[in-house]
Amino acid sequence: MNSNLINLKSKIKNGLLTLDYLPRWAVFFMDIFITIFASQITYFIVLSLGAQFYSTLNVPTRYGIVVLTYAIYFILFKTYSGIIRHSTFIDGIKLLYATLSALFTLIILNYGYFLIIGNYIYLIPSLFINFIITFTGLFLFRIFIKVVFEKINGLGAKDLATRAVVYGADANAISVVTALQSEKIKRFQIVGFIDKKNADVSKRILNIPILNSKKKASVLLRSINAQVLILSDNSLSNVEKINIVEDCLESNIKVFNSGTITDWENKEDISKKVLEFKIEDLLERSVISLDQEPILNEIRSSNVLITGAAGSIGSELARQIIGFKPNKIIILDQAETPLHYLSAELVKLNSDSEIITQVGDVRNKTTLKEVFINFKPDLVYHAAAYKHVPMMEENPVQAVFANVIGTINVADLSVEYGVNNFVFVSTDKAVNPSNVMGASKRIAERYIQALSLIAKNENKDIKFITTRFGNVLGSNGSVVPLFTKQIQNGGPITITHPDVIRYFMTIPEACQLVLEAGAMGNGGEIFIFDMGEPVKIIDLARKMIRLAGLVPEVDIKIQTIGLRPGEKLYEELLNDNSKTNPTHNSKIMIAKETYPDYEELFTKLEELISIANYNNNIALVAKMKEIVPEFVSMNSPFNQLNNV
């Protein structure tokens with residue numbers, strides 16, 4: 001390879017050489033030149049056939065009129081305005097319309113001149129010959145420029161781009177490949193299609209071969225030295241997709257996902273949708289289908305208060321709720337900076353809903369009361385909580401203040417100020433809790449159940465609904481962001497125990513189910529969500545390493561550091577003595593649990609709050625265990641209180 005080519009490729013890599021498009025004026029003048037050339041060719045063809053031209057006008061004038069007519073229609077149809085290297089079928093149609101219009105105009109001019117003067121200007125066959133040559137020349141010019149630009153911009157691209165295979169051969173896949181091939185700086189060199197419905201390797205799409213679908217994807221990619229698989233087959237089931245991805249990851253083949261392409265998307269938009277596979281895409285669970293109508297009826301034109309709105313769940317609830325057109329959406333949190341960012345994000349959605357931002361703490365009942373008085377919420381989604389297990393194990397008083405007293409404050413004010421629906425966001429850690437955080441959430445659950453029973457006995461309209469689900473992928477403090485950061489830093493990934501398993505759900509999925517459960521509830525229910533199959537944390541770590549294109553235990557080590565305070569090997573969604581009832585949504589079930597004796601509960605809660613104010617951790621946790629008898633501390637300083 002000579003030094004000039006190496007320097008040229010270096011410029012391409014550094015973005016110093018960019019050939020974007022021909023200027024419009026250059027395209028227009030080139031079209032005029034082609035029209036003049038076509039007129040000359042027509043003249044010589046007609047002469048060679050022995051035909052006699054009319055002598056009405058001289059040759060330069062006759063063909064000057066032809067060129068001028070074509071030029072007028074080039075301007076009218078703006079045939080020069082498109083970017084030639086991105087020419088499409090539409091641009092060809094515009095050319096055809098322009099040249100046909102010019103042809104018919106010249107024919108009309110010819111007969112009009114005859115009717116007025118008595119002589120013809122043009123031979124009609126010569127006009128048709130001129131039209132064919134002109135259109136062909138214009139069309140071939142655009143194809144030539146398109147090819148030249150592709151060659152120039154692609155110089156060195158095969159060395160720079162990653163060899164990739166597209167899984168799929170339908171319109172979706174073809175749109176993806178077309179978009180990727182039009183990228184200014186190409187990420188991928190597409191070297192094959194895999195069509196699961198067709199194993200005929202003799203066929204080609206976009207001049208790219210179809211590979212034998214009877215073999216595993218990893219085998220096919222290795223055989224042609226491809227490093228990336230792009231999934232673009234919408235007919236694949238979730239199980240099929242996961243099997244393909246895991247097969248590729250085992251062979252250190254990166255996987256990208258293109259999503260579903262819509263007819264109105266342009267190539268740039270399609271190209272942006274081709275993204276690396278995320279760990280969320282490997283959840284072994286089918287897509288959640290929501291019943292939108294009840295949610296819309298519940299939220300539309302209502303005033304909605306979201307506590308903990310700056311958190312992972314609260315902020316996603318706000319994003320989804322605003323789409324159901326509430327009258328007001330009141331977002332409340334003590335974290336001012338993320339709350340500000342959320343407010344700005346919601347404003348950009350151009351909703352008709354009024355967005356009210358309130359910096360406040362659910363532990364401060366006076367502040368909360370002002371919110372209820374000023375904004376009169378109809379619906380309350382209570383997502384504010386402290387949730388980090390080891391931290392709450394060290395700070396049980398704060399867990400009680402935020403998770404118990406905070407919930408009591410919001411719930412009591414909801415009753416006092418006539419809220420219609422109160423939805424409490426709980427956690428699977430409240431089930432047979434092994435830590436302070438889980439126990440505090442279970443106490444809050446029991447308080448909500450007690451209030452619901454009182455409301456029903458007193459014929460109050462408010463409905464209290466509890467939603468319970470497991471770990472949320474990508475939430476603040478979850479393992480996925482932690483593992484991602486550890487991988488970026490070169491490892492090691494730290495796990496607490498090789499046998500730890502957890503249920504996982506994405507943030508949007510969890511919030512969708514919270515909204516539907518809130519709409520379907522009659523009051524007093526604890527809704528639990530189908531979290532799919534539990535995932536071993538060590539398997540999650542290995543998959544994330546492979547998704548990053550690295551090899552577990554080779555590029556990134558996995559280190560076991562021991563269970564954290566309050567952590568157990570597995571989480572549960574139901575207490576030992578609980579059962580479930582189904583709902584119309586197969587992803588949502590209702591836990592059948594006994595209601596607490598609310599008078600006894602309230603007495604114990606008063607004692608709990610009194611102890612919390614004295615900041616006595618041992619006495620506080622002991623009282624928590626009294627309120628929640630199934631609370632058994634694990635790997636914790638409070639193990640001494642078990643069985644006391």
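Q: How many helices and strands does the secondary structure of the chain come to?
A: Residues are numbered from 1 along each chain as its sequence is written, and side-chain values use heavy atoms, with hydrogens and water left out. Because the model is predicted, local features need pLDDT of at least 70 and side-chain atom pairs count only at pLDDT 80 or more, while totals for chains, interfaces and linings use all residues. Counted over the chain, the secondary structure comes to 22 helices and 22 strands.

Q: Which residue in E5 is the bridge partner of Val165?
A: Strand E1 is also joined to strand E5 (residues 228-231), by four bridges, and these two strands run parallel. The bridge partner that Val165 has in E5 is Leu229.

Q: Is Asp233 buried or exposed?
A: Asp233 is found in the loop between E5 and helix H9 (238-250), and, leaving aside residues up to four places away in sequence, Asp233 touches Tyr167, Gly168 and Lys196, where a contact means heavy atoms within 4.5 Å. Although Asp233 and Ala169 are 64 residues apart in sequence, their C-alpha atoms are 7.3 Å apart in space. Buried means under 20% relative accessible area, exposed over 50%, and partly exposed in between (1.4 Å probe, protein chains only). Asp233 has a relative accessible area of 9%, so Asp233 is buried.

Q: What accessible area do Phe114, Leu115, Ile116 and Ile117 have together?
A: Leu115 is found in helix H4 (residues 89-117) and is exposed, with a relative accessible area of 72%. Patches are made of residues with over 30% relative accessible area and no salt bridge, with like charges joined within 9 Å and nonpolar side chains (Val, Leu, Ile, Met, Phe, Trp, Tyr) within 5 Å. Accessible areas come from the Shrake-Rupley method with a 1.4 Å probe, and for residues only the protein chains shown count as cover. The four residues form a nonpolar patch on the surface, and together their accessible area is about 460 Å².

Q: How far apart in sequence are the parts that Arg442 and Glu630 tie together?
A: The side chains of Arg442 and Glu630 meet in a salt bridge (3.7 Å, N to O), that is, a side-chain nitrogen of Lys or Arg within 4 Å of a carboxyl oxygen of Asp or Glu. Arg442 lies in helix H17 and Glu630 in the segment after H22, so the parts that the pair ties together are apart in sequence by 188 residues.

Q: By what are Arg319 and Glu316 separated in helix H12?
A: Arg319 forms a salt bridge with Glu316, and the closest N and O atoms are 3.2 Å apart. Arg319 counts as partly exposed at 31% relative accessibility, whereas Glu316 is buried at 13%. The two are three residues apart in helix H12 (residues 312-322), so they are separated by about one helical turn.

Q: Which residue's side chain is joined to that of Ser636 by a polar contact of 2.7 Å?
A: Ser636 has its place in the segment after helix H22 (617-627) and is buried, with a relative accessible area of 10%. A polar contact is a pair of N or O atoms within 3.5 Å; within protein, one must be able to donate a hydrogen and the other to accept it, and residues adjacent in sequence count only if both atoms are side-chain atoms. The polar contact of 2.7 Å joins the side chain of Ser636 to that of Glu393.

Q: What is the phi of Asn225?
A: Most residues other than glycine have a negative phi. Asn225 is found in the loop between helix H8 (217-223) and E5 and counts as exposed at 52% relative accessibility. Although Asn225 is not a glycine, its phi is positive, at about 60 degrees.

How values were computed. Pairing = 2+ DSSP bridges.
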